[in-house]
Amino acid sequence: MSAHGTAQPMTARKSGPLQGTALVPGDKSISHRSLIFGAMALGETKVTGLLEGQDVLDTAKAMQAFGATVTRHGLGEWSVLGVGVGGFQEPADLIDCGNSGTGVRLIMGTMATSPMTVTFTGDASLRKRPMGRVTEPLAGFGTQAYGRKGGRLPMTVVGAAGAKGIRHTLKVASAQVKSALLLAGLNATGETVVIEREPTRDHSERMLLGFGAQVNVEKSAEGNIITLTGQPQLRAQSVAVPRDPSSAAFPVCAALLVEGSDIFVPGVSQNLTRNGLYLTLVDMGADIEFQNPRTEGGEPVADLRVRFSDNMKGIEVPPERAPSMIDEYPILSVVAACATGKTVMRGVKELRVKESDRIDAMARGLEACGVTIEEDEDTLIVHGLGAGNVPGGATCATHIDHRIAMSFLVLGMASKNPVSVDDASPIATSFPIFESLMTGMGARLTRENH
Ligand code: S3P
């Protein structure tokens, strides 16, 4: 089943050297946030480099439903005329966040302290994902939520009037939950304090500061203590969205695995809350040069030169690295299959509640391609076969999950036999130009007819 319409099967075949420059689209996390913070600010926020993936387009539509004016001016160039903190209007209809967990959870936080009733839904993947992780702590503000069994969408959320700030320690390492609480805290009186034991991506904190909120982050023995002062007046900003390191991971890993490749990937985030995959690849022996470190759009970035690396070795990925590479385990497991020895990924049970159960999806697909896997609830172990040795020759199920689809297509570029995916259409949620970008560098990807 496809995210938005009919399934699009696709096949990747052993590819020639990948060469050229990979200009990956804008960061998904920052794109969502630029629209949401823009909607909560007074005045016109101008955004450049916005990711025009379906997830972000669904958030743009939602912000319109809450009363902001969202306008597209050209590729990646958008503006948001915001309504100010507390200025949201009650949407006249359902809010459909499509495939996006980030979209729905952040928007729930955003409306949670405004007196209005909103019903959220999404596609078949999003309707399976847990929302209780957001609505339970939001109850501290007085927000009520009525969903399906297990806290699933569709869910109706009743925002609280006159909410007061809360103090909450996160039960899961989740930037979505942290951000939802900070967004709710914006329209509450007093301070909202969120404590995270393990650092997760910090884009909300950085951007809230940029939009003029008072946010203080204190590092303590308990973890990061994030304190937001409620009811600020957010000021419209110009946001230059940097390129997405999670999308860059696909051309980077493809180049590491496809014989003879040598590619350039400019502007990849080196934000310590996002760069775990890149550290891990270097630990495995990947040939990546980090050139021209600088700041772009408020984020530390570098240009990456990536060359085919035929002697990568399996490693134990440090579990404390998980939050900084949580979206990259599917593609890492493909790299692991092409490395020698075992790659052990522990502390990864969050992968079970992403767009799909990513441990299960990767394990089944890799096994079908001839790779030995061990797994338990919180662990994935891949027994690598060495560069060029993965048999391939299977069709892998993507379960409406963009990163599963891209991961198996990268595997097919470096396997002995072609690898197909049953549905590549979800790739449009985060990396709509994946196919043209990869084929432009020499990847052999073909769409299959039904
Ligand atoms: C995101 C946080 C992560 C990540 C997701 C984007 C964000 O989710 O997997 O793709 O933008 O805050 P969790 O907060 O569930 O870890």
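Reader: Which polar side-chain atom lies 2.7 Å from an oxygen atom of the ligand, besides that of Arg33?

Author: In this predicted model, Arg33 places a polar side-chain atom 2.7 Å from a ligand oxygen. A polar side-chain atom at 2.7 Å from an oxygen atom of the ligand also belongs to Lys354.

Reader: What percentage of the area exposed by the ligand alone does the protein bury?

Author: A polar backbone atom of Gln176 is 2.8 Å from an oxygen atom of the ligand. Taken alone, the ligand exposes 390 Å². The share of that area buried by the protein is 95%.

Reader: Which helices each supply at least two residues of the shell around the ligand?

Author: The ligand is surrounded by residues including Ser29, Arg33, Ala175 and Gln176. The helices that each supply at least two shell residues are α1 (28-40) and α5 (175-186).

Reader: How many residues of the shell around the ligand are charged?

Author: The shell includes Arg201, Asp327 and Lys354. Its residues divide into three nonpolar and four polar, and the charged ones number four.

Reader: What is the omega of the cis peptide bond between Leu153 and Pro154?

Author: Most peptide bonds are trans. Pro154, in strand β9 (residues 152-158), is joined to Leu153 by a cis bond. The omega of that bond is about -5°.

Methods
Residues numbered from 1 in each chain as written. Predicted model: local features only at pLDDT ≥ 70, side-chain atom pairs only at ≥ 80, totals over all residues. Heavy atoms only, no water. Near = heavy atom within 4 Å. Polar contact = N/O pair within 3.5 Å; in protein donor to acceptor, adjacent residues only side chain to side chain. Areas by Shrake-Rupley, 256 points an atom, 1.4 Å probe, with all protein chains shown as cover. Helix = DSSP H or I, 4+ residues; strand = E, 2+ residues; numbered from the N terminus. Nonpolar A, V, L, I, M, F, W, Y, C, P; charged D, E, K, R; others polar.
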